[in-house]
Amino acid sequence: HALVLLQTNAVLGMRNNDLYAADLANAGLLRGAGTIRRRSAGTNFTVVNEGTIRPGDLNSTSSIGTLIFDGGNLVQTSSPTQTVGLCFEIDTNSCDMIMITNGTATIGGGGRTNLFAVMAGFSPKPRMDRVWDFIRADTITYTATDNLSSLMSAYGLSEPGEYTFGVVNAGSGQVLRLRIKGTDGSMLTLR
């Protein structure tokens, strides 16, 4: 696992390949796969994203991966300099993910766009019967602008007839989920 932090303002420490943090203000680029943990017992840390977060990508080459905030919250706000917030890629059976354990996600960002992209060699199709979870947290509030509708439209998919996208309950928390319906028009049952 590797995390790349560019232009951040945080108190950080590294132990056993985990990054330990107090509050972190990302005004640049946070990318990679791995875990950011609460520095000490007590109150959750908060990652305030005024920059761009790219889970999975270890460099400028896209790759699928999971970024974990353990004991933390994610808040995406507007930014005076960044137009892109979160970036997620999807593949046949996987996608980039931000997993928040014991914390919340509030994804807004007035004037910023979350970008979704399809990995090379994969082509979403109607009736694929697939599920992709992009964010998992105790609670999620998602009011951001994104390009998912135009991306799915480019592959001939329309909402809600052939796919759905949004926050849904899953187990003891919530997920930000894309679902493409199955051959009979039903939604795939979670694995």
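Q174 is buried, with a relative accessible area of 17%; buried here means under 20% relative accessible area, exposed means over 50%, and partly exposed lies in between, all with a 1.4 Å probe and protein chains only. The model is a predicted one, in which local features need pLDDT of at least 70, side-chain atom pairs count only at pLDDT 80 or more, and totals for chains, interfaces and linings use all residues. Residues are numbered from 1 along each chain as its sequence is written, and side-chain values use heavy atoms, leaving out hydrogens and water.

Let us stay with Q174 for a moment. This residue is found in strand β15 (residues 173–180); strands (E, at least two residues) are DSSP runs numbered from the N terminus. Beyond its neighbours within four places in sequence, Q174 is in contact with several residues, among them I135, R136, D138 and V167, where contact means heavy atoms within 4.5 Å.

| Q174 atom group | Partner | Distance |
|---|---|---|
| Q174 side chain | N169 side chain | 3.2 Å |

Next comes the nonpolar core, a set of buried Ala, Val, Leu, Ile, Met, Phe, Trp, Tyr and Cys residues joined through side-chain atoms within 4.5 Å. The largest one has 37 residues, and those touching the most other members are F69, I90, I98, F134, I135, F165 and L178. Strand β11 (residues 130–137) gives the largest share of this core, four residues. Leaving aside neighbours within four places in sequence, L178 has contacts that include I90, F134, L148 and F165.

Strands pair if DSSP finds at least two bridges between them. Strand β7 (residues 84–90) runs parallel to β10, joined by five bridges, and F88 stands opposite F116. β10 also pairs in the parallel sense with strand β13 (residues 145–146) over two bridges, with T145 as the bridge partner of T113.

Finally, a word on confidence: pLDDT is the predictor's confidence in each residue, from 0 to 100. The protein averages 83, and 83% of the residues score at least 70. Over residues 1–16 the pLDDT is below 50, and it stays under 50 over residues 187–191.

Note on methods:
Polar contact = N/O pair within 3.5 Å; in protein donor to acceptor, adjacent residues only side chain to side chain.
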